[in-house]
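Here's a quick briefing to read alongside the model. Have the sequence and the 3D view open as you go.

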Amino acid sequence: KIYAIGTMDSKGEELSYLAEQMKRTNAEVVLVDVSAKTEGTARSQVTMDMVLKGGEAKMTSTELATMPRADAVSAMSAALTNFLVKEHAANKVAGVIGIGGSGGTALITPAMRALPIGVPKVMVSTVA
């Protein structure tokens, strides 16, 4: 499976488009919402709460929404890292692609770095 990860509240349309293009090549794509404040309007197979459930903080998206943005991004990043590492250990990860601005990039790339060398990873970002 290719995990397409982004903040669906701000990049949902773009991530959904990317997933559709990958699906046209018969790739199995899993959309993962890592919005740090509000659930995205685009549909994802893995919701914010599903990602958070695997995190060490064991919080909900409602609790996350009350945190300062920087803290929420850090908490979601840690939860995403745990989620992806567990998915990889279960042999479910064929690759990862992320889309984000500065916050999304800061949130997603630590989780990508936690995966072993050799797992394909691509980050599409507005920051270099």
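Predicted model: local features only at pLDDT ≥ 70, side-chain atom pairs only at ≥ 80, totals over all residues.

Residues are numbered from 1 along each chain as its sequence is written, and side-chain values use heavy atoms, with hydrogens and water left out.

**Aromatic pair**
- The structure has one aromatic pair, with ring centres within 6.5 Å as the criterion (six-membered ring for Trp).
- Tyr-3 and Phe-83 make an edge-to-face pair (planes over 60 degrees apart), at 6.2 Å centre to centre and 70 degrees between the planes.
- Tyr-3 sits in strand E1 (residues 2–6) and Phe-83 in helix H4 (residues 69–89), 80 residues apart; helices (H or I, at least four residues) and strands (E, at least two) are DSSP runs numbered from the N terminus.
- Both Tyr-3 and Phe-83 are buried, meaning under 20% relative accessible area with a 1.4 Å probe, protein chains only.

**H4 against H5**
- The axes of H4 and helix H5 (residues 102–113) come within 8 Å and cross at roughly 30 degrees; axes are lines fitted to C-alpha atoms over the stretch in contact, with angles from 0 to 180 degrees between N-to-C directions.
- H4 and H5 are therefore roughly parallel (under 35 degrees).

**Leu-52**
- Leu-52 lies in helix H2 (residues 48–53) and counts as buried because its relative accessibility is 2%.
- Leu-52 and Ala-78 are 26 residues apart in sequence and 8.8 Å apart in space, C-alpha to C-alpha.

How values were computed. Phe/Tyr/Trp six-rings, centres within 6.5 Å; stacked < 30°, edge-to-face > 60°. Buried < 20%, exposed > 50% of the residue type's maximum accessible area, 1.4 Å probe, protein only. Parallel < 35°, antiparallel > 145°, perpendicular 65-115°, else oblique.
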